[in-house]
Amino acid sequence: MLLTGKMRNQGNRKVTMGDIARATGLSTMTVSRALRESESVSKATRKRVLAATKRLNYHVDFIARQLRAKHTFQLGVVVPFRGYVGQYYFGQILQGIQSVLTGTDYHISLFDSLSEDFNNTQKCIDLCHERRVSGLIIVAPGRNDRFPKTFINLQMPLIIVGSSLGRQTISYVDVDNHTGACAMTQYLIDLGHRKIGFIKGPNDLRDAAQRELAFRKTMTAHEIPVLDDWIGQGDYETRKAFHLSLDWLAKRDRPTAIFAANDQMAYGVIDAARALRLRVPDDLSVAGFDDIEGSAEFVPPLTTVAQPMASLGRVAARYLLDVLAESDLPSVLHQKLPTQLITRSSTAPPNHRGQVAKSDAVAADREY
C-alpha cells in the first residue's frame, strides 16, 4: 500500500502503531497481535505488517508497553546458587522456563535464595522492587526457608516449583515423588531383594522427605524390616554417598540393593562398590532417582526414576504468563507431573551365593 503524503511529511514525529494500521489497512488490534506473533494472525498478515514497520522505521516503545500493561516484563526466578544452581535439575528447569519466554517480551531475572538479603525480610522486599519483577518462580525452597512467606505477602503472582509449601492458596508444580519412589522400591522387591539400603537427600527438602517416606511405606507394606543402619544421609552429594556406602558394603552383613534418592548419590554408591571390588549388579543392585544426563551412559547404565524437569519450568512459566495476561484470574494451580521408572543394567535379582563369598573376601582384605 502507498504511503500518504501526510505520512511522508511527518518529519521526526514518532511512528505509532496507528500509522502502521493506516498504512496496511488493518485495525490497530490486528497490528498489535501481528507484532506479538499471535497465532490468531496469519503469516501473510504478519509479513504485511512487518514490511510496513520496516518501511516506516517503526520501533516498539518498550517502556510505553510496560506502562500500558501496568507491569514490567521481568520474571524473577529464585534458586539456591551455592552447590545447586549448576546441577542438571536446575539447569533443565531454567531451560524449560526460557523455552516459554522465547519470542515473548519477558526475560528472566535470577535471584540467589542463599544470599544474605534473603534472610532479611525488608531487604528481600527491596530487592524485588529494585528488580521490578512482575512475577516469581521459586525453585525447590527448603522447608525452613523464610523468604517464600515474604513473597506471598507481596501479593505478586508466584508459583513454587518442586514443592507445595503446604498451602492450598499458593500455586505449585511438582513431580509425583512419592509414586516414583514407591515404584522403584517395589521394583527392587519384585527382583527378590529384601536387604535394601536407602540413601536420602537433605532433611529440609520436601522432595527428599517424600522419597524416603515412600521407601519406608513400601517396605513396611511388604513386611520387610527397614534397618536404621541402612538408612543414610547423603544430602544429594556423590562424595557423601560414596563414604556412606563404603562403610555399609565393607561389612559381612550388607545390603543386596541400595536405592539412592538421586542419581548423583547412586554414582557414589557404584564407585564405592568398585573400590571394594564388588560388581554391579552381580554383587549389588544400585538404583537412583532423576534420570539426569549421563545416567544412561554410566557404567553400568543406571536404573532410575525419570522426572520431567524441563516440563516443570515450562508449566511454571506458562502459568505466570497466563496470570499476567489476565490479572483478575483467580485460579490457583496445583499440579503434579508423573514420573517414569527406567530399568537398566545396574539392577538384577540378588545373587546370594556370590554375595556371601564376596563379603568374606572384602572382610579378609579389611582385616589384612
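Visitor: What makes E1 and E3 paired strands?
Guide: Four bridges join strand E1 (residues 74-79) to E3, and the two run parallel. Two strands pair if DSSP finds at least two bridges between them, so four bridges meet the definition. One of the bridges has Leu 75 with Gly 135 of E3 as its partner. Helices (H or I, at least four residues) and strands (E, at least two) are DSSP runs, numbered from the N terminus.

Visitor: What kind of model is this, and how are residues numbered?
Guide: This is a predicted model, in which local features need pLDDT of at least 70 and side-chain atom pairs count only at pLDDT 80 or more, while totals for chains, interfaces and linings use all residues. Residues are numbered from 1 along each chain as its sequence is written, and side-chain values use heavy atoms, with hydrogens and water left out.

Visitor: Why is strand E3 called mostly covered?
Guide: Five of the five residues of E3 (residues 135-139) are buried, where buried means under 20% relative accessible area, exposed over 50%, and partly exposed in between (1.4 Å probe, protein chains only). In a regular strand the side chains alternate between the two faces of the sheet. In E3, Gly 135, Ile 137 and Val 139 point one way and Leu 136 and Ile 138 the other way, and all are buried.

Visitor: How do you know that Ser 171 is buried or exposed?
Guide: Its relative accessibility is 3%, so Ser 171 counts as buried. The residue is in strand E5 (residues 171-175).

Visitor: What makes the link between Ser 171 and Tyr 319 a polar contact?
Guide: The side chains of Ser 171 and Tyr 319 are joined at 2.8 Å. A polar contact is a pair of N or O atoms within 3.5 Å; within protein, one must be able to donate a hydrogen and the other to accept it, and residues adjacent in sequence count only if both atoms are side-chain atoms. The 2.8 Å value is within that limit, so the term applies. Leaving aside residues up to four places away in sequence, Ser 171 touches several residues, among them Leu 158, Ile 160 and Val 332; contact means heavy atoms within 4.5 Å.

Visitor: How do you know that the span of helix H11 agrees with what it should be?
Guide: The expected span is 1.5 Å times one less than the number of residues. For the twelve residues of H11 (residues 238-249) this should be 16 Å, and the end C-alpha atoms are 16 Å apart, which agrees.

Visitor: Why are the buried residues of H11 said to line one face?
Guide: Ala 241, Ser 245, Trp 248 and Leu 249 are buried in H11. Seen down the axis, the buried residues fall within an arc of 80°, so they line one face of the helix; the arc is that of the directions from the helix axis to the C-beta atoms.

Visitor: Why is the pair of Tyr 89 and Phe 90 given its class?
Guide: The whole structure holds five aromatic pairs. Rings of Phe, Tyr and Trp (its six-membered ring) pair if their centres lie within 6.5 Å; planes under 30 degrees apart count as stacked, over 60 as edge-to-face and the rest as tilted. The rings of Tyr 89 and Phe 90 have centres 5.1 Å apart and planes at 90°, so the pair is edge-to-face. Both residues are buried.

Visitor: What makes Phe 198 and Phe 215 a stacked pair?
Guide: Their ring centres are 4.8 Å apart and their planes are at 15°, so the pair is stacked. Phe 198 lies in strand E6 (residues 196-200) and Phe 215 in helix H10 (residues 206-221), so the pair ties together parts that are 17 residues apart in sequence. At 0% relative accessibility, Phe 198 counts as buried, and Phe 215, at 0%, counts as buried too. Ring pairs link Phe 198, Phe 215 and Phe 259 into a cluster.
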